[in-house]
Amino acid sequence: MIIDCHGHYTTAPKELLTFRDQQLAGITDKSRKPSSLDLGITDDQIRASIDNYQLKFQKERGTDLTIFSPRAAGMAHHIGDAQVQQDWARVCNDLIARVCGLYPKNFIGAAQLPQVPGGDLGPAIAELERTVKELGFIGCNVNPDPSGGMWTGKPMTDRYWYPLYEKMVELNVPGMVHVSNSCNACFHTTGAHYINGDTTAFMQFITGGQQLFKDFPELTWIVPHGGGAVPYHWGRYRGLALDAKLGELTELLLKNVYFDTCVYHTPGLELLTKVIPTDNILFASEMVGAVKGIDPNTGNYFDDTKKYLDQLNLAEADKKKIFETNALKVFPLLGKVMKERGIG
Ligand SMILES: [Zn+2]
């Protein structure tokens, strides 16, 4: 059983973008606002958007199940007000639920949350509850910087976030730390802002994690994209924690913080699996996502991360953890949903 804990619906039918265009136009001109949240997308359109992309790649690459969320760069929490965010998250999550309904053995949902920079987290909490209880989702993406690359908000360990964390713990869902698109010209969205978001969140967990995870011992995070710069600079982070008398990172953070394998070359994954304990690594590819092309040197897709892992000669027990059992541990609702759907 191979579970990909990080996939996005980047291939959604064009009606979703038309809705979004109208929604954004409606911010300044109310007459252009979409009249309904019904996108008018048929099941056949959804099938066409999945069969030739995510489902085809699952089959070709030999993976079984993807934890599937709306396109991360599309969340754009910095645009529009709370109502715009709520409507946008709802239509995106409902579309994910339809994909999961059509392909129950291949996709399980994770939510986009309607965050607003510095704003009330009430709508994000309500949408999380709706997606878990009504749509059967098992996780969520939490944007550590809803300002889109301006970093105007509070660190992830600040009490500002606590109401959301209370709900995540109550519902038994982990969060993936996931920024959205950058509106800061200095930061390329997927090349700089994503990796910066991962690294920044981890450093916030170092400085504020002692209190955060004392307050929420059950709160669980996945830091995606291989943890940004963290594995490569593990010595720096470990040293900073020890200098600050915070103890070893394994004790401070690794009961609550996990890393995925969205690293697009073999040496990167070799480093990740050497530095981070196998118990804290979850298989992921982020397909179809940041890097869509084929590596001319190998003829393989850059985001076919299973191929890199297969080259590492990991022990079978470690592979089993990375590909399957760690996901079942980190997503407590996953096993139940898989059983209901007859998966595995
Ligand atoms: Zn992603």
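Let me begin with conventions. Residues are numbered from 1 along each chain as its sequence is written. Because the model is predicted, local features need pLDDT of at least 70 and side-chain atom pairs count only at pLDDT 80 or more, while totals for chains, interfaces and linings use all residues. Helices (H or I, at least four residues) and strands (E, at least two) are DSSP runs, numbered from the N terminus.

Tyr258 in β7 is the bridge partner of Ile222.

Next, the helices. The axes of α1 (residues 14-28) and α4 (residues 82-102) come within 11 Å and cross at roughly 175°. Axes here are lines fitted to C-alpha atoms, for helices over the stretch in contact, and angles run from 0 to 180 degrees between N-to-C directions. This makes α1 roughly antiparallel to α4, a term for angles over 145 degrees, whereas under 35 degrees counts as roughly parallel. From α1, the contact uses Leu16, Phe19, Arg20, Gln23 and Ile27, and from α4, Val84, Asp87, Trp88, Val91 and Leu95; contact requires C-beta atoms, placed from the backbone, within 7 Å. By class, that contact has 7 nonpolar, 1 polar and 2 charged residues. Nonpolar covers Ala, Val, Leu, Ile, Met, Phe, Trp, Tyr, Cys and Pro, charged covers Asp, Glu, Lys and Arg, and the others, Gly among them, are polar.

Helix α4 also packs with α5 (residues 122-133), their axes coming within 11 Å and crossing at roughly 15°. The two are therefore roughly parallel to each other. In this contact, Ala82, Gln85, Gln86, Ala89, Arg90 and Asn93 of α4 meet Pro123, Glu127 and Thr131 of α5. These residues divide into 3 nonpolar, 4 polar and 2 charged.

Finally, Asp145 lies in the loop between β4 (139-142) and α6 (162-171). With 26 C-beta neighbours inside 10 Å, Asp145 counts as buried, the cut-off being 20 or more. Leaving aside residues up to four places away in sequence, Asp145 touches Trp151, Gly153, Val179 and Gly197. Its C-alpha atom is separated by 8.6 Å from that of His77, 68 residues apart along the chain.

Conventions. Pairing = 2+ DSSP bridges. Parallel < 35°, antiparallel > 145°, perpendicular 65-115°, else oblique. Contact = placed C-beta atoms within 7 Å. Buried ≥ 20, exposed ≤ 12 C-beta atoms within 10 Å, placed from the backbone.
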